Amino acid sequence: MLDSLASRWERDGFPTVLVRARDLGQDDFLVSLRNLLALKSSVNPTDLASRGTAEGKPLLMVVDGLDEHPKPGDLMADLIGFCREAGDARRVKALLSYRDDHRGGWDAVSAEDRPLFYEVKKSKEEFLSIESGPDHAGKPPAFGLESLSPQEVAKCWKAFAQYKQVKNGKSFKRFKTTFNYADVEDRNRNLALMLRKPLLLRLFLEVYQGQSCPRSLTRDGVFGRYFEFLAERTRDEGAFLLNFARLCLEHGQNKIDLDLLHRDDRTREAMRGYVGA
């Protein structure tokens, strides 16, 4: 979500910096930023903000996953200090993402500093716009990513079905099935509710690409098909899934960060092949 927004804003001419909170060290935010972006030690917030000043566009500082940082409260305080040094809200704006159960220290942000952050918009369409909106004093500048409505799922399903990909010189529709969302609702209401999350909808359509609706649709069945699909895609007799399970055990988690899969020697090549497929 945020990388798509950042790319869009950058195309619109806004100087944009997108960083993931977990990639930032526990040092001062500016020091971590310099290290991450390989900037000279002399670069300061004013230097970064000055990139867009001539065009009258603020520097957009986008921090993804504030709750994933070891000390999110300290990071929030450092980020505010960075924005203050860079200038007022006309020179720099900050946009954060964090889980619903983690406000990232927003309650401690003073009313004076809150204009440094993007405020709540009335709709998704307005949120995509950079233009300033009304001030919502006292409220965190949050835009909740809720589950899709049945109507939105149907539209996403249709949009996915139109997506074309070229492979070996041939064009094919990677997510097109011969059935629709209404068919899933008729087969399994609980599974249809699960597909209201965009990433799960994408997974489902990729697994059943070019197929008709199975008579029996279950959650376990869908994920079982997905594991088979991955094993076929990686062409390694399930080695990728085995290494994935090893990483889960090593880290004591039932989920693994996507970046780790790209970095680890055991899964790197498979991930490259999957993304390019």
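A residue counts as buried when its relative accessible area is under 20%, and as exposed when that area is over 50%. The model described here is a predicted one, and this cut-off is applied to it throughout the paragraphs below.

L247 shows how the cut-off works. This residue is found in helix α11. Its relative accessibility is 0%, so L247 counts as buried. Its C-alpha atom is separated by 9.0 Å from that of D264, a residue 17 positions away along the chain.

The helix around L247 can be described next. α11 runs over residues 239-251, which makes 13 residues, and the distance from its first C-alpha to its last is 18 Å, close to the 18 Å expected at 1.5 Å a residue. Its buried residues are F240, N243, L247 and C248. Viewed down the axis of α11, these buried residues fall within an arc of 150°, so they line one face of the helix. Just after α11 comes G252, with a positive phi of about 65°.

E237 has a positive phi of about 60°, although it is not a glycine. With a relative accessible area of 84%, E237 is over the 50% cut-off and therefore exposed. The relative accessibility of A38 is 69%, so A38 counts as exposed.

A loop residue can also be buried, and P15 is an example. P15 lies in the loop between α1 (2-11) and β1 (16-20). Its relative accessible area is 6%, which means that P15 is buried. P15 and S50 are 35 residues apart along the chain, and their C-alpha atoms are separated by 9.3 Å.

Helix α4 takes in residues 72-86; its 15 residues should span 21 Å at 1.5 Å a residue, and its end C-alpha atoms are 21 Å apart, which agrees. The buried residues of α4 are P72, L75, M76, L79, I80, F82, C83 and A86. Seen down the axis of α4, they fall within an arc of 160°, so they line one face of this helix.

Helix α6 covers residues 150-162. At 1.5 Å a residue its 13 residues should span 18 Å, and its end C-alpha atoms are 19 Å apart, which agrees. V153, W157 and A161 are the buried residues of α6. They cover an arc of only 75° around the axis, which puts them on the same side of α6. Q151, K155, K158 and A159, on the other side of α6, are exposed.

The structure holds 10 aromatic pairs. One of them is formed by F179 and Y208, an edge-to-face pair with 6.4 Å centre to centre and 75° between the planes. This pair links distant parts of the chain: F179 is in the loop between β5 (170-173) and α7 (181-187), whereas Y208 is in the loop between α9 and α10, and the two are 29 residues apart. Both F179 and Y208 are buried. They also belong to one aromatic cluster, formed by W157, F179, Y181, F204 and Y208.

Three elements each supply at least two residues of the lining: β4 (164-167), α9 (198-207) and α10 (219-234). Of the elements that contribute, α10 gives the most, with 3 residues. By kind, the lining residues divide into 4 nonpolar, 3 polar and 6 charged.

Note on methods
Residues numbered from 1 in each chain as written. Predicted model: local features only at pLDDT ≥ 70, side-chain atom pairs only at ≥ 80, totals over all residues. Heavy atoms only, no water. Helix = DSSP H or I, 4+ residues; strand = E, 2+ residues; numbered from the N terminus. Nonpolar A, V, L, I, M, F, W, Y, C, P; charged D, E, K, R; others polar. Phe/Tyr/Trp six-rings, centres within 6.5 Å; stacked < 30°, edge-to-face > 60°. Buried < 20%, exposed > 50% of the residue type's maximum accessible area, 1.4 Å probe, protein only. Expected span 1.5 Å × (residues − 1). Arc of directions from axis to C-beta.
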